[in-house]
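Good morning, and thank you for making time for this presentation. Please have the sequence and the coordinates open while I speak.

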Amino acid sequence: MPDLTPELGVTDIAHSLAFYRDVLGFAVVYDRPDEGFAYLRYEGCELMLDQIGLGRTWQTGPLEPPLGRGMNLQCAVNSLDALLGPLAAAGIALYLPVETRAYRVGGQTLSQRQFCVQDPDGYLLRFCEAA
């Protein structure tokens, strides 16, 4: 397990799995269907899904859509194209279209090709590859 694994409270685990597993290609590492929980992995990106009201979602305030406001989860992947095709085939619009951006990292500049998409609950995922 990585040192940090986000756990996302979701409204419908089946709907979320249809997005993460069936469209994006995340693998279910393990799950507890009776608790509405699934641990997922795509390449080196790992996250947990927990159905609100069924699992153990920690609720620090009202959970109103879109969830995860003010946060995006960056997922470094080998190929954006492997994700873009299935998203287009499923009719899922990108939140931020594909772009190439340069970022200062210490004393150097690194470029990455990236796009953002929202999951069914509104969590913003930023997929990127080295440019």
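Predicted model: local features only at pLDDT ≥ 70, side-chain atom pairs only at ≥ 80, totals over all residues.

Residues are numbered from 1 along each chain as its sequence is written, and side-chain values use heavy atoms, with hydrogens and water left out.

Let me begin with helix H1, residues 13–23. Helices here are DSSP runs of H or I with at least four residues, strands are runs of E with at least two, and both are numbered from the N terminus. At the start of H1, Asp 12 places a side-chain oxygen within 3.0 Å of the backbone nitrogen of Ala 14. Within the helix, Ile 13, Ser 16, Leu 17, Phe 19, Tyr 20 and Val 23 are buried, where buried means under 20% relative accessible area, exposed over 50%, and partly exposed in between, with a 1.4 Å probe and protein chains only. Just after H1, Gly 25 adopts a positive phi of about 90°.

I turn to the core. A nonpolar core is a set of buried Ala, Val, Leu, Ile, Met, Phe, Trp, Tyr and Cys residues joined through side-chain atoms within 4.5 Å. The largest one has 28 residues, of which Tyr 20, Leu 24, Leu 49 and Phe 127 touch the most other members. Several elements each supply at least two residues, among them strands S1 (7–10) and S4 (45–51) and helix H2 (81–89). The largest share, 5 residues, comes from H1. Beyond four places in sequence, the contacts of Tyr 20 (heavy atoms within 4.5 Å) include Leu 8, Leu 40, Leu 49 and Leu 125.

Finally, the rings. Rings of Phe, Tyr and Trp (its six-membered ring) pair if their centres lie within 6.5 Å; planes under 30 degrees apart are stacked, over 60 edge-to-face, and the rest tilted. That rule gives 6 aromatic pairs. Tyr 30 and Phe 37 are tilted, because their planes stand at 35°, with centres 5.9 Å apart. Tyr 30 is partly exposed at 34% relative accessibility, whereas Phe 37 is buried at 6%. Phe 115 and Phe 127 form a tilted pair, 5.6 Å centre to centre with 35° between the planes. Phe 115 lies in strand S7 and Phe 127 in strand S8, so this pair ties together parts 12 residues apart in sequence. Both of these residues, Phe 115 and Phe 127, are buried. Ring pairs also join Phe 19, Tyr 20, Phe 26 and Tyr 42 into a cluster.

Note on methods
Polar contact = N/O pair within 3.5 Å; in protein donor to acceptor, adjacent residues only side chain to side chain.
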